[in-house]
Amino acid sequence: MIETINGQSKGWVAGIARLLRSFPLADELFSRLFFGIMQFFSRPFRAPGKGSTSWCEFHLNRGFCSLPNGRFCSHECSQGTGLNTPCPEGFQPSHSWGYRITGCWCDTFRGSTMICCDCTPVTNSPYIPSWGDCGCMHLLDS
């Protein structure tokens, strides 16, 4: 009997997903709602050294971090774990690469939520692109 209920539930949920995909605005609304609910319930269990979705200026679905100058700022940034700030020590968020408010955006990669941040050395202006600019990735669901 439980298998029947599970099978019926899967079919019902799949039908709703197909219906929502035909309405992009509704699909985006329910995706954001689901994302928000999952973030709310995962916050108490989040390990230290993880990013925060409050850093995100936009929620995109590209599946990768587009890095300024094509490079990460540090080993921790390339691994996506271990940092409590958008940028590693000695760097600050850069606002010159398209994200003028926070310098960061959220994305999804292989089912995991990630935060991508544009960074620049603290000695540089965050409003002028430079060769010292780099990127930092934070994985939330790892």
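## Disulfides, a buried strand and an aromatic cluster

The structure holds six disulfides, a disulfide being a pair of cysteine sulfur atoms within 2.5 Å. Keep in mind that this is a predicted model, where local features need pLDDT of at least 70, side-chain atom pairs count only at pLDDT 80 or more, and totals for chains, interfaces and linings use all residues. Residues are numbered from 1 along each chain as its sequence is written, and side-chain values use heavy atoms, with hydrogens and water left out.

If you number the bonded cysteines of the protein in sequence order, the pairing reads 1-7, 2-8, 3-11, 4-12, 5-10, 6-9.

Now pick out Cys65 and Cys116, whose sulfur atoms sit 1.9 Å apart in a disulfide. The torsion about their S-S bond is -80°, a left-handed link. This pair links distant parts of the chain, 51 residues apart: Cys65 is in the loop between strand S1 (56-59) and helix H3 (75-79), while Cys116 is in strand S4 (residues 112-121). Helices (H or I, at least four residues) and strands (E, at least two) are DSSP runs here, numbered from the N terminus. Cys65 is buried at a relative accessible area of 16%, and Cys116 is buried too, at 1%. For the cut-offs, buried means under 20% relative accessible area, exposed means over 50%, and partly exposed is in between (1.4 Å probe, protein chains only).

The loop between S1 and H3 has another cysteine to look at. Cys73 is joined to Cys134 by a disulfide, S to S 1.9 Å. Because the torsion about the S-S bond of Cys73 and Cys134 is about 100°, this disulfide is right-handed. Cys73 lies in the loop between S1 and H3 and Cys134 in strand S5 (residues 134-139), so the pair ties together parts that are 61 residues apart in sequence. Cys73 and Cys134 are both buried. While you are in that loop, find Asn69, which lies there as well. Asn69 has a positive phi of about 60° although it is not a glycine, and at 30% relative accessibility it counts as partly exposed.

What about S5 itself? Six of the six residues of S5 are buried, so this strand is largely enclosed by the rest of the structure. In a regular strand the side chains alternate between the two faces of the sheet. Both faces of S5 are covered, with Cys134, Cys136 and His138 buried on one side and Gly135, Met137 and Leu139 buried on the other. S5 pairs with S4 in the antiparallel sense over six bridges; strands pair if DSSP finds at least two bridges between them. Leu139 of S5, for instance, is the bridge partner of Met114.

S4 also takes part in a link to S3. Cys104 and Cys117 form a disulfide with sulfur atoms 2.1 Å apart, right-handed with 110° about the S-S bond. Cys104 lies in strand S3 (residues 104-109) and Cys117 in strand S4, so the pair ties together parts that are 13 residues apart in sequence. Cys104 counts as buried at 0% relative accessibility, and Cys117 is buried at 1%.

Finally, the aromatics. A search of the whole structure finds two aromatic pairs. The ring centres of Tyr99 and Trp105 are 4.4 Å apart and the planes at 15°, so this pair is stacked. Rings of Phe, Tyr and Trp (its six-membered ring) pair if their centres lie within 6.5 Å, and planes under 30 degrees apart count as stacked, over 60 as edge-to-face and the rest as tilted. Tyr99 and Trp105 are buried, and together with Phe58 they form one aromatic cluster.
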